[in-house]
Amino acid sequence: MVPVLLGTTLFIYVLVFALPGDPIRALAGEKPLPDSVYRALREHYHLDDPLLVQYGRYLFGVLFRGDFGETFNGQSVGQLIADSWTVTAQLAATAWIFELVVGMSLGVWAGLRRGGFADAAVLGGTTVAIAIPSFVLAYSAQLVFGLKLGWFPTAGTDDGWPMSYLLPGMVVAAAELGYVARLTRTSLVENMRADYVRTAVAKGLPRRRVVVRHTLRNSLIPVVTYLGTQIGYFMAGSIIVEGIFNLPGVGHELWLALQIKEGPTIVGIVTFLVLIYLFANLVVDLLYGVLDPRIRYD
Amino acid sequence: MTELARRTRWAAGLAALALTAAACSGDGDKDDGDAKAKTFTVANQEPGHLAPGAANDSYGIRVVNALFDRLTRLDKSGMVVNEDAESITSTDQKTWTIKVKPGRTFHNGEPVTAQSYVDAWNAAAYGPNAWDNNYYFGNIAGYDALNPEDPDGDGPQDAPKPKTDKMSGLKVLDRQTFTVKLTDPFSQFPLTLAFTGFAPMPKAATKDLKAFDQRPIGNGPFMISGSGWQHNKQITTQKFAGYRGSRPAHADGLVFKTYASRDAAYTDLLANRVDILETIPPAKVREARRLLGNRFVTTPGGTMDYLEFPLYDKRFQNRDLRYAISRSINRQAIVDAVFNGAFRPTGTIVAPIVPGYRPNACGLICMYDSRPAKKFFEKAGGFSGTLELWFSNADPSYEQWMTDVANQLKQNLGIKNIRFRKVPQADYLSNLTDHKATGPYRANWVMDYPSAENYLTPRCGPSNRQGYDGKECMALIRKGNRAKSIAESVRYYQRAETVLLKDLPVIPLWNWQEQGGYSKNIGNVNFDSYEAGGGVHYDQVTVK
């Protein structure tokens, strides 16, 4: 875990270092930047040091002082990460719940009525949802449900969770829930033909019990796996949707920082992403034994 | 995907879900103020700084303007009037005596004195503080001592630390009076004092400048309140009860809401979720005019777009070539196509709102006509090689209008090889100042103070980006700077502009018009070209 973290942060640091352009000069805009100020700023952000010295200093700050550095407008990067992750986590949770509930319901509905109207409708609907670019969906949803109908706030986080996150969450989930619905449907249809289902029907179990207890439970294994990967995907932030709905989340902050080559922010956010994945993997490894009785650690 | 990998991902999901749930709980995001307070909101973007000496983007200046009064302010016609100053006088335009009105206080109760101004200006001019408005103080005597030269340029030796942090040109005579000695006579000095960078600073701030930058203590109609500057979210202010100046706040408070883009802010404005948006995105102007009706306001701006030539490149040293290019650009057509007709084509360096502006000072040379353009082009001996047009990637409209310029040059002059150099924003300006441009480039100027001098010096002065020999033009500017009155100085500036336009190292293109709008919740919204940072007099706004 430690080598992976070190390797990744170093790699990102090198990449940021290699970005073209002088961030300090860009900050000044069209106005002249006196040499003394230029030098003071470069010194403040340690931009004149060699790459490895800069990296070492950064690592030292993070490890021993919990200091992730400072943005160009004097904000602590640690605080920025904390703030933006709160926003992104809420958006991710909303999107994930939508994906789970709506996607699986549609899949079950279609799967149980294979070849019928429901099946065709879900197939058609999800095809459209997957095909529409998310920004089109985002702007349309904002215009129709936010502005015209006024059901949801148009932008911002002022109304808190869940109200501010419902509309963007649905937009983020829209394309993804198509995959969940299809996966559920296929898996369900396959299992409905399985021998044990026929046995269950033959021994006279009610249909509801056959579907819910026997078929659905087994059909959901691949779906749940997919949904698990989705969490990570959502947590990485959704740059476009966060931008359109003015949610200051991780993806959005990362994009802003990249534009002005704000090294500490870029490295900080990506490092945190890496940390989250590493932590999750660790938990997974430990959970193995609990989840699957066939696996035991000695 | 192996079974192992699947399980890994799945459990990762569970873990992440747990984190998510933790993050969700206990989040309210509601404002803590009581519901009856009459506050309004202004759409803003994340500022770089809030200390007056450091705030140099319009997002920061907008906030500083609400929080701070300066010695002078600009009236509706762009003329300078005293605000915090009782009098600003000089006999030689070089040494200025400034009397500060007694009885005015900062938000923390501290009185505004001559020392408050001197402290603020010294802090801004002190190089190691690295405040972005540092260069505005460059003409005060003693500035150099606070910004020592690096002895070997970019070499290994570090510049010496300044020996002093006080400019010798600033002297406090008594509690309310101080004198400013400039390096050269400068008749426009009172005008520059209206800029937010010249605001005062209380004693309480001098100990911790960083804290002051995050939570400034001002002397203006609004004061920072509550959580203050919540990065990427909002900046909350309330009416300053002890305000004694000429622009008391009508509303109880003002919140600057931070938007990632103007598009999101515009949508919120239509939904009446934000009250003022001072710059509506150009693409939405037509729609906004229709939807907002009389709540849509157009104000002439001080910002100009130019096409500058790299005169350090031999190919552009021929003036006839520059004339040819100027005459073959159809400015009105581009403004109509790219900016929905919202901008105003100009034949001047100086913006129309600046005193001393002469319509089309450039004459025929800045007017579109393909036949004389072609004649100039032939006289110049044509153009060989590839013509490279430079602009940054900061806004998509740059490429749009450059495409039009390229097409017009192809059509009217027959220049076949035209290439775009679209440079990352972070890289663009350093390319220009380092004289690395290999062709005409987009240039833009945002007005600091309404004086022709503010537009001309950067283009004629010794450090101009075009590599232009502006001695003749600069001599006239200096005469204007020494003039006894603003009216007299204007005449010299006009002559300087004429010289610059005759040599044409820079082609005027168009003047920006600001399109703003406001919600149904507020009234008495007065847009003003001379109001710092945006355009609305926040103090006058009333909440319904």
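1. Helix α3 (residues 114-125) of chain B lies across β5, β6 and β7 (177-181) of chain B, and runs at about 170° to β6(B). Helices (H or I, at least four residues) and strands (E, at least two) are DSSP runs numbered from the N terminus, while axes are lines fitted to C-alpha atoms, for helices over the stretch in contact, with angles from 0 to 180 degrees between N-to-C directions. This is a predicted model, in which local features need pLDDT of at least 70 and side-chain atom pairs count only at pLDDT 80 or more, whereas totals for chains, interfaces and linings use all residues. Residues are numbered from 1 along each chain as its sequence is written, and chains are lettered from A and ligands numbered from 1 in the order in which they are written.

2. The strands β4, β5, β7 and β6 of chain B form, in that order, an open sheet of 4 strands with antiparallel pairing, where two strands pair if DSSP finds at least two bridges between them. Its edge strands, each pairing on one side only, are β4 (85-89) and β6 (170-174) of chain B, and the twist averages 20° from one strand to the next. Between β4(B) and strand β5 (residues 95-100) of chain B there are 4 bridges in the antiparallel sense, and B:Ile88 has B:Ile98 in β5(B) as its bridge partner.

3. B:Met201 sits in the loop between α5 (189-192) and α6 (203-206) of chain B. Is B:Met201 buried or exposed? B:Met201 is buried because 29 other C-beta atoms lie within 10 Å; the cut-off for buried is 20 or more, for exposed 12 or fewer, with partly exposed in between and C-beta atoms placed from the backbone. Leaving aside neighbours within four places in sequence, B:Met201 is in contact (C-beta atoms within 7 Å) with B:Ser116, B:Asp119, B:Ala120, B:Ala123 and B:Thr206.

4. The axes of helix α10 (residues 319-327) and helix α12 (residues 370-379) of chain B come within 8 Å and cross at roughly 160°, which means that α10(B) is roughly antiparallel to α12(B), a term used for angles over 145 degrees. Residues making the contact include B:Tyr323 of α10(B) and B:Phe376 of α12(B).

5. For chain B overall, the secondary structure comes to 17 helices and 19 strands, and 54% of the 544 residues count as buried. The C-alpha trace spans about 80 × 70 × 60 Å along its principal axes.

How values were computed: Two residues are in contact if their C-beta atoms, placed from the backbone, lie within 7 Å. Angles under 35 degrees count as roughly parallel, over 145 as roughly antiparallel, 65 to 115 as roughly perpendicular and the rest as oblique.
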